Amino acid sequence: MITAMMASSYNAKEEDGHHSGAAGHGGAGAVKSRKPDNTAFKQQRLPAWQPILTAGTVLPAFFVIGLIFIPIGIGLYVTSNNIKEFEIDYTGVDSNSPCYSCARNFSSNSTTPCTCSLNFTLEQPFESNVFMYYGLSNFYQNHRRYVKSRDDSQLNGDLSSLKEPSKECEPYRTSESFPIAPCGAIANSLFNDTLELYYVESNGTRNLVPLVKKGIAWWTDKHVKFRNPSGNSNLTIAFQGTSKPVNWRKPVFELDPLDSENNGFINEDFIVWMRTAALPTFRKLYRIIQKKPSTTPTLPSGRYILTVTYNYPVLSFDGRKRMILSTISWMGGKNPFLGIAYITVGSICFFLG
Amino acid sequence: MARERGEEEDTGGTGGKSAPKVKQRQRKKKTKESKTRTVHANILYDSAKGEESPNRHYANNKIKTTKYTLLSFLPKNLFEQFHRFANVYFVFIALLNFVPVVNAFQPELALAPVVFILSVTAIKDLWEDYRRHRSDKEINHMDCLVYSRAERRYVEIYWKELRVGDFVRLRCNEILPADVLLLSSSDPDRLCHIETATLDGETNLKQRQVVRSFYDLDCDFNPLKYTSVIECEKPNNDLNRFRGYIIHRNGRRDALYKDNLLLRGCTIRNTEEAVGIVIYAGHETKAMLNNNGPRYKRSKLERQMNVDVFWCVIILLIMCLFTAVGHGLWMFQYGDKRPVFDVLSPEGTDLSPIMSAIYLFLTMIIVFQVLIPISLFVSIEIVKICQVYFIHNDLELYEEETDSHLQCRALNITEDLGQMQYIFSDKTGTLTENKMVFRRCTVAGVEYSHDANARRLAMYQEVDSEEEECVSHGGTLPRRDSVTSHTSARVVLRSQSTKSHRRTGSRAEAKRASILSKHTDITPDPQLLDKVNECSSKMDFMRFHSQSLSTLSSDLCDIIDFFVALTICNTVVVSSPNQPRQKVTLDKAGMVSFLHRVINIFELKSPVKTIEDFIKRFTPSRLTSSNNSSSSSLNRSNNRGCSSLISSPSADSTLTKLDEEKTAESPDEAALVYAARAYKCSLVGRLPDQVTVELPHLGKLSFELLHTLGFDSTRKRMSVVVRHPLTDQITVYTKGADSVIMDIIRPPDTGTRKRQKKIICRTQNYLNQYAADGLRTLCIAKKVLSKEEYACWLQRHLQAETAIQGREELLFESALRLETNLHLLGATGIEDRLQDGVPETIASLRKAGLQIWVLTGDKQETAVNIAYACKLLHYIQAKFLCSSSDQAAKMYLTNNINNMAAADLYPSLPVHRLGLVIDGRTLAYALDRSLEDKFLAVARSCRSVLCCRSTPLQKSMVVKLVRNKLKVMTLAIGDGANDVSMIQVADVGVGISGQEGMQAVMASDFALPRFSYLQKLLLVHGHWCYSRLANMILYFFYKNAMFVALIFWYQFYCGFSGSAMIDQWYLIFFNLMFSAFPQLITGTLDKDVSAETLQHLPQLYRSGQNSEEYKPYMFWMNMIDAFYQSLVCFFIPYFAYADSGVDLFTWGTPITTIALFTILLHLGVETKTWTWMNWLSICFSVALFFTVALCYNASCPTCYSPSNPYWTIQRLLQDPLFYFLCIITPCSALLPRSITNVVHSLSIARVNHFIDFIVVSKEHPQPEPGHHGVAAQPATSFPVHQQAPPKRQ
């Protein structure tokens, strides 16, 4: 159809032009000639650069690309290698794992939380800020229906959405005729293990490593995207008439009762969780261990104990839970891949050259 | 006029649609009146009570060519758009999004692209419809004069108010508002001249006659006295036919012809005033019924593309199926333990894995829909429009002489120009100028060679070529002849014209004038001139002494008859088109001549209408008495014709039904008339009833024109029946092709029989000689009828004329009866020069691998000669002639073809050096179903094929045969009406806008000013269009596949849940916005090879012929490459972000960016020439993406669920990792393709070098010794013609 119409319009124009030209010709000769303009564009003679592929031009180009890529790759690789990272699985699949019993006897209804402790040793001290992550495997946070199952307006503190959550939250929209806040499957499946880290000094005393729980979420998330329902500074009243997500043990306004700046929807653990991971194996920032003002490393080498309050079941879908300690560089966490990729591609180009 | 034309064009497809509707309505209303239409005059009925008018059922003159009304626009336009399958598909997918269980995107957003595409088209349609509406309105509100019963005078009304049965008064230069039957004209001869340029493009004037019953009216036509009823055909679209009769009150019936009908859209010329009655109005006029919309063809490339679109659908389904199965299995592995992330359906029901898989299948179709490129079709349209624009603007395809350039009439087959394999060309007017120049003649067996004339022409030619060098713009010769209106208006006499042109100082005009004189000026042969003078002086002497002319020697008699025949046996009209003819010039002799004229009109009623009339007029007494007075009076009264120029002869030619040869004949006629003028035998005036000729010594003689038996392609001759003013004999002059004339010549039984036989024999020899020289031959013959014979013939002829049924056939038979036992006068040889650059064009098209067949109506010798001249045949070639006339030919042909086919089996025998010449009669056998395969086998093995004496039908059959049987791309090129069928049958039809009207152009897809432009059109533009479009289509497939595959790979990491890491906005607008412009620029501007190289190396054209730019495997190569690239673009970010805290869309955005970079760089790798526009478009795309992304990511923190990419890109831009990814990924993705491209081009560069070398060394090929045999094998065949030109995937 589009062809047809364009064709006819063009033809019509053509004929009009043609005709007026022919008709005018009989006149005084003052008719504009239909001679096409001799412009570079109309004559398709625009100055053009034609990359001529000859051995003389192509091979040096490859060579140069190789020369640029290899150093970048080496730089990236070295940077990544300098990052210190420690990882420990605390799922409790093995029967000799300390968390085995917690994993086994998990029941969402039990009132007494199950705790387990894991010992580990850091071979090397961790300098500067150390980031503490929890890692999940086989957890498909990127499932299409899961990703959709949230209401951004509600999380932004919109009162009408608080009372009337979006349909996207179904089937976690209402509970016993009360609207759920925060609604949806993502919120419902909030990671709720508590991790504590103790440094075991050589004399055997356990020192609690101070964990900072603020600053782990995106600044824009914390301050723009997520807001508590306005109108009342008292969150208990603000969330009145809503129900807690079915899997949660406590309502949203009790996520961090100690810090009103970290409670309700603006709880950073909650915000971090709500940013759905791209891949089924992921880590999420849990706490930050601040660098000490003194010269002592943030985490000196030695023995540590990780105490886990085991609340989050993953065995049903064959998942794994990990705790990760990592320093970071200017280019993020430890990942040698990009360096290797640069070196590989650089080498290929280099050798082709 | 422009308006009128615009309206016609605009009607487009609707004209055809609405007209049948009108007809249908009529049919319903008036079932009783099924075959004819009866028209009564409206003024007989009170206009206030329109109900009673018998004409009320006929369509009024209001035209409406718009498609839509305000109300119907939306539904109708949508309905029309949904005829394109792709649109239905996309709407279906968009609607699928509204189903909650399967929806993948925000439903409203998913509608966006399809709504966008639909609305762009709708807005364009609306705009066009509005234009149509405006032009309709303008036309409907034009004024015309209609007789009003109430006011008893003509009043001005709008066109749209005009109704069938109204009397309209038309003034000079007015456009006809409807189809009008001419009832009265101010012209002294009751003629009305019209210009039909808007209907058929012919600019010459045509005469229309007042209906015979109203012919005798000496005073003005009074509508109030009109009481007749007209019965005529139902409206039809045949411009050349109008049948009917007018029934007078007294019951007398008069036949009506097409000569009485003035068609809507024509312009009245030369006639001060005319009155007519409206017969057909509005949409029922012939002009409106004739409006066919532009032609639509599917190009080969598009057909190929559609196959691949189909493959894309298959790939899409496979991908969806795979994902669906994957999802089912993924669900199944969890069994009853439903993990937290596997959210229940909104209703809270637990779906079984199988149901989930089925729903997911539909979801995936939505997600992967991009694989079928929604913008592909629109992009192709846009690129083609641009290509047409460039072709149109090419200076080298513009001819300054006629101010005409190439017209693309079909817009969607530009790329077919690059894939042609066979060219079928007409000869006359296509290969040749179709500007006939009289060269030689033979009269009464004596040849007059006109050497001086030949020398003069040769001289002109030299001057021409020098001039052209000065002008330094490619070989162009003017194509404008004296027949066009403006030249004939200005160039009154040749000598004057040259002077006036010098005064204007316009070089082109002066040149045109000199060219004009070249063709009109003939240096007479002194010997013949002497004889003419001698003869006419003798005749003059005899006339004054009342001696019988029979005492004149038959030689001399033949000579004068010969020239008289040349002058009058034609349809040449003498007129000065742009002014109305004066009724009578009242100079000194004015009054006298006026009186004589009045007498004349009464005396010379003609053609003879009834037997009584005939007897009355041809009684001897009257003949003697009236003769002198009439001729002398005309001598004086005809001075109005003296200052006018001979105008186009093709007056009726294009309007006759069987006009194939006729139009081709018209320039011949002009040439002959000019030739006769050189011998002082000039045509000074032509009226329907008489022809006035000025002869030396004798002065002006008026020949009473009794009948004109027009030309038709079956008879191949035309005749005039005149009463000779000197002898009073009824004489038939016949002019026609030698083959037919020679058959009907019969030497008289008297004593001169032997001499006559000798003359015939010698004439035949000369004819053969002329033909061998490539001249067009015509025979001139005459016949003297006795009164009795004439009376006998006339009686039957009149019956034929008045017959309503089968009139054409009866008239044809009648003509055959008359044209017998002719007396041969002589023969003429007319030269039709080759157009400039034809041999070179043919040679280079040949090199380009095109097979060129010439299909002509000319005789074999002429055709063969032209073929030699334009290097189509080579003397060293063996010729294989097929010419036979009887049934035995069939056997002969079979045997020969079998032999040839056998020869084909031996590759050592280079049969492709053969030339096949086949004539029409043999062709008829060859096209027989049983033989066509063999014929094709032979023809294929021949280097050139020449079909002569072929009819238009045969031409089209040959084209169809080759096209269908060999499955090749065919191009037909021609200039005349006889080529129309061939042009329509071929894949691409090219019309030469030349001498013979516009039919060929109207039927064509492309119209060229001259043949040699075909070279650039095909070799350069064709190649470019093809390669650009082919590459663009491949790129489109690649682009979409690559983009969609990214999501496909992701399904392995999201439990096959149909999740996409690319934000839905990017996903939907990626094709439409971010990556749309560069490919359009490249598709429009890229040049794989420069124009110079393409013209220099026609071999490069073969890449298009063999579809090397777009072969099926290339689609798959592209697909594989797309999948590879998407793997790279997916997995580099995957590993770079593996086991990190990255969220879905922070990870997806770099992938989108990388994909965009990769796609653009891929285009860059494929782009051969980089202009600033390429750079600009790529920069624009990148900038657009980032601008949109930044705005989008900053606009709303709570919207765009589910991705909600608030501040994502902003954070990414602060992340060094993002930049490192954007560098490495496109590089590694494009590595294989650039390596293969480099390797390929390196090898090609070597080959190109090789080609260059060969071209240089072959510039001057060694002339081979000529052998007339199959065995003669000169090594001129191009050694690298199998060479594959640069090709890409």
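A salt bridge is taken here as a side-chain nitrogen of Lys or Arg lying within 4 Å of a carboxyl oxygen of Asp or Glu. By this rule, five salt bridges are found across the interface of chain A and chain B in the present model, which is predicted. Lys35(A) forms a salt bridge with Glu400(B), in which the closest N and O atoms are 3.5 Å apart; this separation falls under the rule because the cut-off is 4 Å. Polar contacts across the interface of the two chains comprise 23 residue pairs, with both residues at pLDDT 80 or more.

On the side of chain A that touches chain B, several elements of secondary structure supply at least two residues each, namely the helices H1 (2-25), H2 (55-82), H4 (144-148), H5 (152-155), H8 (219-225) and H11 (337-352), together with strand S8 (282-289). The greatest contribution is that of H1(A), which gives 18 residues. Classified by residue type, this side of chain A holds 50 nonpolar, 27 polar and 18 charged residues.

In total, 95 residues of chain A are in contact with 121 residues of chain B. The size of an interface is often expressed as the accessible area lost when the parts come together. Between chain A and chain B the buried area is about 10000 Å², and carbon and sulfur atoms give 63% of that area.

For chain B, an unreviewed UniProt entry carries the annotation "domain: P-type ATPase C-terminal" over residues 1001-1240. Over residues 1001-1240 of chain B, the chain is 73% helix and 1% strand, and the end C-alpha atoms are 43 Å apart.

Key: Residues are numbered from 1 along each chain as its sequence is written. Chains are lettered from A and ligands numbered from 1 in the order in which they are written. This is a predicted model: local features need pLDDT of at least 70, side-chain atom pairs count only at pLDDT 80 or more; totals for chains, interfaces and linings use all residues. Side-chain values use heavy atoms; hydrogens and water are left out. Contact means heavy atoms within 4.5 Å. Buried area is the accessible area (1.4 Å probe) that two parts lose on being put together, summed over both. A polar contact is a pair of N or O atoms within 3.5 Å; within protein, one must be able to donate a hydrogen and the other to accept it, and residues adjacent in sequence count only if both atoms are side-chain atoms. Helices (H or I, at least four residues) and strands (E, at least two) are DSSP runs, numbered from the N terminus. Ala, Val, Leu, Ile, Met, Phe, Trp, Tyr, Cys and Pro count as nonpolar, Asp, Glu, Lys and Arg as charged, and the others, Gly among them, as polar. UniProt positions are given in the numbering used here, feature names are shortened, and annotations may be inferred rather than shown by experiment.
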